Amino acid sequence: MLQVTDLKLTVTDPDSGEHTEILHGNSFALAQGESLGLVGESGSGKSMTLKCILGIEPAGARVDGAISIDGTDLLAASGEALRRVRANDLALIAQNPHGALNPVLAVGRYLIEGMSDARSMSPADARLKAADLLRQVGIDDTERVLRSYPHQLSGGMLQRVVIAGAISGEPKLLLADEPTTALDVTTQAEVVAILDEMRRERGLSMIFVTHDLDLAAAVCDRLAVMKDGEILEIGTPEQIRDRPQTEYTRALMSARPQLYPAGHAPAIDAEDRS
Ligand SMILES: Nc1ncnc2c1ncn2[C@@H]1O[C@H](COP(=O)(O)OP(=O)(O)OP(=O)(O)O)[C@@H](O)[C@H]1O
Ligand SMILES: [Mg+2]
């Protein structure tokens, strides 16, 4: 459903007029229901890749290549067609949920405004649907949360609200940019599990951006390893783990801490920590 071909991004320094190419001609495709992990060190171009898909690259930047969703070329489309694809088919889940939520809007209002079918519903039905969305992302005290403003809720709770909102618009593609980095470890695991479950139940495609190769391997069908604006290799988690094609991927894997399945890390005695 998503086809990215030879994607290049060039920014221009407003003072010196100097051009810098940030993405160097990357290609990848995503089938309906498939999830792709974009992994790589800081500055490798993961977020910029998502921004190009969303059409929110930095002002004055130039995007070359092609990005199409179900046959609609996002770079060639303009005006209404483009707005429609971006509003209906894409949903971003960013690192900081506070950025996604309007601070002066209660959660209930936020969710209802994002629903694709809110206008055809009575306010009471829209409210019921909002509560139902919250239950689907593991929130039980829905009335309190619907009435709350973003500053009254924890980061983990807010990220669940953002996921609920993302899903309510019935997008085709979720773009998740380090969606759990700002959360504590336990909450991280819960939020990732919810995101994964929501996506699978609905057969949504997803691009999942993270530094964490193991997290990506756990929730993604394929991984793309990025470095300095380039995708070095793409493969299944098993291929990347067992037969890495580049030194960089090997280094990325050896740099990570020893991994255990979630919840199965061996206990460390105080004496062992020295
Ligand atoms: N607004 C901008 N204008 C020009 N260059 C930018 C801008 N934002 C980021 N860059 C550059 O683009 C490159 C890729 O940045 P990007 O944010 O995509 O990295 P990333 O892989 O998402 O890193 P991180 O893991 O830290 O989020 C970096 O070299 C960065 O310095
Ligand atoms: Mg980033």
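Two strands are said to pair if DSSP finds at least two bridges between them, and the helices (H or I, at least four residues) and strands (E, at least two) are themselves DSSP runs, numbered from the N terminus. The structure is a predicted model, in which local features need pLDDT of at least 70 and side-chain atom pairs count only at pLDDT 80 or more, while totals for chains, interfaces and linings use all residues. Residues are numbered from 1 along each chain as its sequence is written, chains are lettered from A and ligands numbered from 1 in the order in which they are written, and side-chain values use heavy atoms, with hydrogens and water left out.

A clear example of pairing is given by strand 9 (residues 222–227) and strand 10 (residues 230–235), which run antiparallel and are joined by 5 bridges. Within this pair, Leu223 stands opposite Gly235 of strand 10. The hairpin that the two strands make has 2 residues between the strands, and in this hairpin Asp228 takes a positive phi near 45 degrees. In general, strands of a sheet pair through backbone hydrogen bonds, and they can do so either parallel or antiparallel.

Elsewhere there is an open sheet of 4 strands, whose order is 2-1-4-5 and whose pairing is antiparallel. Its edge strands, each of which pairs on one side only, are strand 2 (19–30) and strand 5 (72–73). Strand 2 is joined to strand 1 (residues 2–12) in the antiparallel sense over 9 bridges, and Thr12 has His19, in strand 2, as its bridge partner.

Ser35 counts as buried because its relative accessibility is 0%, where buried means under 20% relative accessible area, exposed over 50%, and partly exposed in between (1.4 Å probe, protein chains only). If its neighbours within four places in sequence are left aside, Ser35 is in contact (heavy atoms within 4.5 Å) with Leu30, Arg199, Met206, Val219, Cys220, Asp221 and Arg222. With one of these, Arg199, the side chain of Ser35 makes a polar contact of 3.5 Å. A polar contact is a pair of N or O atoms within 3.5 Å; within protein, one must be able to donate a hydrogen and the other to accept it, and residues adjacent in sequence count only if both atoms are side-chain atoms.

Buried residues also build the nonpolar cores, each of which is a set of buried Ala, Val, Leu, Ile, Met, Phe, Trp, Tyr and Cys residues joined through side-chain atoms within 4.5 Å. The largest such core has 48 residues, and those with the most contacts inside it are Leu111 and Val161. Helix 7 gives the most to this core, with 8 residues. Beyond its neighbours within four places in sequence, Leu111 is in contact with Ala130, Leu134, Leu146, Val161, Ala164, Gly165 and Ser168. Apart from this core lies another, of 30 residues, which includes Cys52, Ile53, Ala61 and Ile69.

Charged side chains come next. Side chains of opposite charge can pair when their charged atoms come close. A salt bridge is a side-chain nitrogen of Lys or Arg within 4 Å of a carboxyl oxygen of Asp or Glu, and the structure holds 13 of them. One of them joins the side chains of Glu190 and Arg160, at 2.7 Å from N to O. This pair links distant parts of the chain, with Glu190 in helix 8 (residues 185–202) and Arg160 in helix 7 (residues 155–168), 30 residues apart. Glu190 counts as partly exposed because its relative accessibility is 37%, whereas Arg160, at 11%, counts as buried. Glu247 and Arg250 also form a salt bridge, their closest N and O atoms being 3.1 Å apart, and both lie in helix 11 (residues 247–255), 3 residues apart, or about one turn of the helix.

Finally, ligand 1 is surrounded by 13 residues, of which the closest are Ser42, Gly43, Lys46, Ser47 and Met48; here a residue counts as near a molecule if one of its heavy atoms lies within 4 Å of it. A polar backbone atom of Gly43 is 2.8 Å from an oxygen atom of the ligand, and a polar backbone atom of Gly45 is 3.0 Å from an oxygen atom of ligand 1. Lys46 instead places a polar side-chain atom 2.8 Å from an oxygen atom of ligand 1.
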